[in-house]
Amino acid sequence: MTTNSEPRGEPPSPQVAAEGFKLPPGYQVSVLAAEPEIRQPISIAHDFRGRLWVAENYTYAESQIGFARQFNDRIVILADDDQDGRVDRRTVFWDQAKFLTSALPGRGGVFLMCPPQLLFVPDRNGDDVPDGPPEVLLDGFNTTTGNRHTWANGLKWGPDGWLWGRVGISSGAHMGVPGATPEARVEMRGGIWRYHPERRVVEAVCQGTTNPWGMDWNELGEPFFINTVIGHLWHAIPGAHFQRMHGEDVHPHSYVLIPQHADHYHFDTGAGWTKSRAAYDGSSFAAGSDALGGGHAHCGLMIYLGANWPESTRGRLFTINFHGRRLNQERLERVGSGYVGFHEPDFLSVGDPWFRGIDVLYGPEGGVILSDWSDTGECHDHDGVHRSSGRLYRVTYGTPTRVPVADWVRQGPGEWLPRVFSTNQWVARQARQRLADLVAAGAPGGPLQKELKTAFDRAKTASEKLQALWAWRATGGASPEWLLELTSDSHESIRSWAVRLLVDDWPLDDPAGRPTQVAAQRSQAGQSPSQAVVQRLVELAGKDPSGLVRLYVASALQRLSYPDRVRVATALLGRAEDARDPNLPPLIWLGIVPLVEADPSAAIALARDSQLPQVREWIARRMGEGLEQHPEELGRLFAALQESSPAAQGDVLRGLRAALRGWRKAPAPPGWSAFAGRVRASGGDSAGLMQELEVLFGEGRALEEVRRVVLDSQAGPWERRQALKTLLEARPEFLRAVLRTAADDGILRSAALLGLLEVGDPEATKLTVSRYQWVGLEERPALVGALVARPDSATALVEALASGAIPKADLTPFHARQILGFKNAELSARLTEVWGLAVQPVADKERIKQHFRELARENSPPVDLIQGHQVYQRVCASCHKLYGEGGVVGPDLTGSGRADLDYLLDHVVDPSSLVPADYRLTILTLKDGRVLNGVLKQQTPRTVTLQTQNEVLVLERSEVLEQEQPAQSLMPEGLLESLASGDARNLLAYLRHPTPVPLRRSDATP
């Protein structure tokens, strides 16, 4: 690979680079492998034979390019047979990957993270040659943001038997099996997810942070991951929502996001994270950052449990500091309901300015392997990519003791079973995984489980017992009855793991708090927990002395039926000692927030009886947000809390103030006067809160006060957005200045940019284009729709498409047709040049139909219905429903004559040939210069309601300058022509298919 764009020449030789390592006494480093054996190692993982599976990524390119699609990524297997620290054999397993970020062997093959897909390449006979093409297990991992470095990565096997992975906040995901409907998909905006290879279920473990790129488990099975910028260390608590660098949390009511689980940062927070990096040659750091740990960016995480380094390192957490070129060290300690990482001195440093550590793990003999991307510059590769280099280093202490892994290759379950209990966790983990693979391939699990139960009973330590429990689970055992027994064990980790495994198979709430198909399954047979389990959770919540056990009981709330979670939450909220815990109140809240709508009476009772003040405040806040829809619920809450303590009444007032903080004026809720009178009579310290709310319910707040809420970074996202909405409606003189400031705020950026475009600010277009890459994928269609509303901003949009500042895929035929509607010959020509021909001349339509008729009737290659469904979701679903999936702008396609190819082509190629009255295009020209296209839904003497591709707009007639309704369909021409031929063929096949496409690719047949 010679296509290097890195401008700074070549790195030092691997041996010279190794000589620049600064290590503690007694340690040494060797070059395990280097170019040309490996290049661009983005991830490393061991198989049970002790070999390294290296994912090499060549498609990642400098930021101006994004992805070099002309290259393929590959998986290379490296073997150090004699464990002397130097690779003996190398095999290229597969070299046809794209966007490869991780390769993990298991289940008779290898799992690959290739965003937007999770793939499985089978090799069931173990000959290191793929048995066939990859199978798509999951899709929906985004790759199209400007921050492409935050994409999905990092596959690892967890002790629970699931496959775990990571994703950053700027790329995110809508994960699901191929063909899954939007309702069945799991949305993530950063965090940790997991996938069960047998059940084919995907879940969000936890949400938030910035860009997780390292993960491991401690000896008791607690998961930890590493991150950048806003905090580096996090305990991956299932169901938790963590602080974010920017953007909004996926759950609209996650009022408090959990902070990092460390007592320190690795950079000078006063100087800021962007100034904490060393220069590319290592000459300088920001003041204090060198001593603190070297910088804000971290890659790879290892909790050392190997057999070579001294006992003093066992259980310590190590992570590569990317810019600091060193191994940071943390001491993990139990605190409250979870863990805290305490600062320890950096373990080693690397003098090579080209060192860019990505991954770290320990091998069978206990030596630690560091992978080196080998490049200069910072992590986004703005300056260029050096594809021809890459190194693996091994760090050992003294002389490692060889582990005879090669002798174990052909051994069966009986020989692997004793290794589950090895103190060398590399051996123990591989043994557990090997047993799971053998049972999945057909080996009987019953005899193994019997022996594991005996071993559990004989084990002396919690670690040994957990090893037996995890192996039992991996081989199909661990019955609910036995797990219930374990909830009474003397060790908190065994009790907490019993809770985790008891609820592991139950459906999980949607992480965004939306109703889901999965959640609806709880009422089906086999999907609801037994009352014995629920009763035990209630007992643990109320009586267990361990915060860790209560943490996992709180996590289980999101899997329970609503009546059951009321019982468990009541017990959890009775534990006053948890009020100051950083994890438990937010986690309990996310478990009970659906009750505010589903069972308000239960939520009010929880607020009345809660010993956790924050949760009572959040219940009041959520009810306050529904003031306009359900004011009576606030009245019931006031009645329930009228006789409560002044402190509890203050919690309600604080929640109500937070809910209404962005409002200028609000109607007084029912029962407010009586409640306010009781608060005054109680003599508490809520006078300021009372005064503020009475002003809101009376004369209303001043706009200057609302402005302060918008600009208050410490205020919650909901109230800040509400305040911004208030300012947009009022249009004060200072509105544009506020919007320009908010355009640089991750919480308000999209809304502020839309506001600037709406009011026609002269800086709006420039700001929108320059900040587009920082806007979430779900927010981009509205911005593009706003840019095409005026000729000047549409012109800037087309130029942004030409420069790559905005991806061409973000412009749909609907947008293109609106741009052409301006009838600006120069703009139309430029659009055609940059984006493609949006409309064909009338005389060409029969020729176009014939082209697609022939394309649809081709027999080879076979059509891909799942891929066709994905194209449908991208280009059709925003307007049309099919099998209940999609928008309502256009007609429902389910019962149409779409099976007839000629009928289908007539309507797609020439959509305006026959337009139902309800779906004719309406064009509104507004007095502020905007032009809006959509379907006219309703007209009154005062208002016009227009359904656009993205939203329903209710406009005052006084705002409308001109209203046209040409004999034209809202659906634009040129839709098929804008697609690649394969996408067009698969879309037509999907649209003509008589039944919904199955969720699993293996079941889909044309």
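The model is predicted: local features need pLDDT of at least 70, side-chain atom pairs count only at pLDDT 80 or more, and totals for chains, interfaces and linings use all residues. Residues are numbered from 1 along each chain as its sequence is written, and side-chain values use heavy atoms, with hydrogens and water left out. Helices (H or I, at least four residues) and strands (E, at least two) are DSSP runs, numbered from the N terminus.

**The five-strand sheet**

- Five strands form an open sheet with mixed pairing, in the order S11-S12-S15-S16-S20; two strands pair if DSSP finds at least two bridges between them.
- Strand S11 (153-157) and strand S20 (241-244) stand at the edges with a single partner strand each, so one side of each lacks a neighbour in the sheet.
- On average, neighbouring strands of this sheet are turned by 25 degrees against each other, direction ignored; axes are lines fitted to C-alpha atoms, for helices over the stretch in contact, and angles run from 0 to 180 degrees between N-to-C directions.
- S11 and S12 run antiparallel and are joined by three bridges, and asparagine 153 stands opposite arginine 166 in S12.
- Strand S12 (residues 163-167) is joined to S15 by five bridges, again antiparallel, with glycine 165 opposite tryptophan 193 in S15.
- S15 also pairs with S16 in the antiparallel sense, over six bridges, and here tryptophan 193 stands opposite alanine 204 in S16.
- The hairpin of S15 and S16 has four residues between the strands, and arginine 200 takes a positive phi near 55 degrees in it.
- Six of the six residues of strand S15 (residues 191-196) are buried, so S15 is largely enclosed by the rest of the structure; buried means under 20% relative accessible area, exposed over 50%, and partly exposed in between (1.4 Å probe, protein chains only).

**The four-strand sheet**

- An open sheet of four strands has the order S3-S4-S5-S6, with antiparallel pairing.
- Its edge strands, strand S3 (41-46) and strand S6 (89-97), each pair on one side only.
- From one strand to the next, the twist averages 20 degrees.
- Five bridges join S3 to strand S4 (residues 52-56), and isoleucine 44 stands opposite valine 54 in S4.

**Helix H8**

- H8 has 12 residues and should span 16 Å at 1.5 Å a residue, which agrees with the 17 Å between its end C-alpha atoms; the expected span is 1.5 Å times one less than the number of residues.
- Of the 12 residues of H8, 11 are buried, so the helix is largely enclosed by the rest of the structure.
- Among these buried residues are Arg495, Trp497 and Arg500.

**The second largest cavity**

- The count comes to seven cavities of 30 Å³ or more; on a 1 Å grid over the protein atoms alone, a cavity is a set of points where a 1.4 Å probe fits but cannot get out, and lining residues have an atom within 4 Å of a point.
- The second largest cavity has a volume of about 280 Å³, a volume being the space filled by probe spheres set on the points, which are joined across faces, edges and corners.
- Its lining has 23 residues, of which Arg194, Pro238, Arg500, Asp504 and Arg559 lie nearest the centre.
- H8 gives the most to this lining, with five residues.

**Isoleucine 848**

- Isoleucine 848 is found in helix H29 (residues 845-856) and counts as buried, at 4% relative accessibility.
- Isoleucine 848 and glutamate 625 are 223 residues apart in sequence and 52 Å apart in space, C-alpha to C-alpha.

Definitions and conventions:
On a 1 Å grid over the protein atoms alone, a cavity is a set of points where a 1.4 Å probe fits but cannot get out, and a pocket is an open set with protein on both sides within 12 Å along at least five of seven lines; lining residues have an atom within 4 Å of a point.
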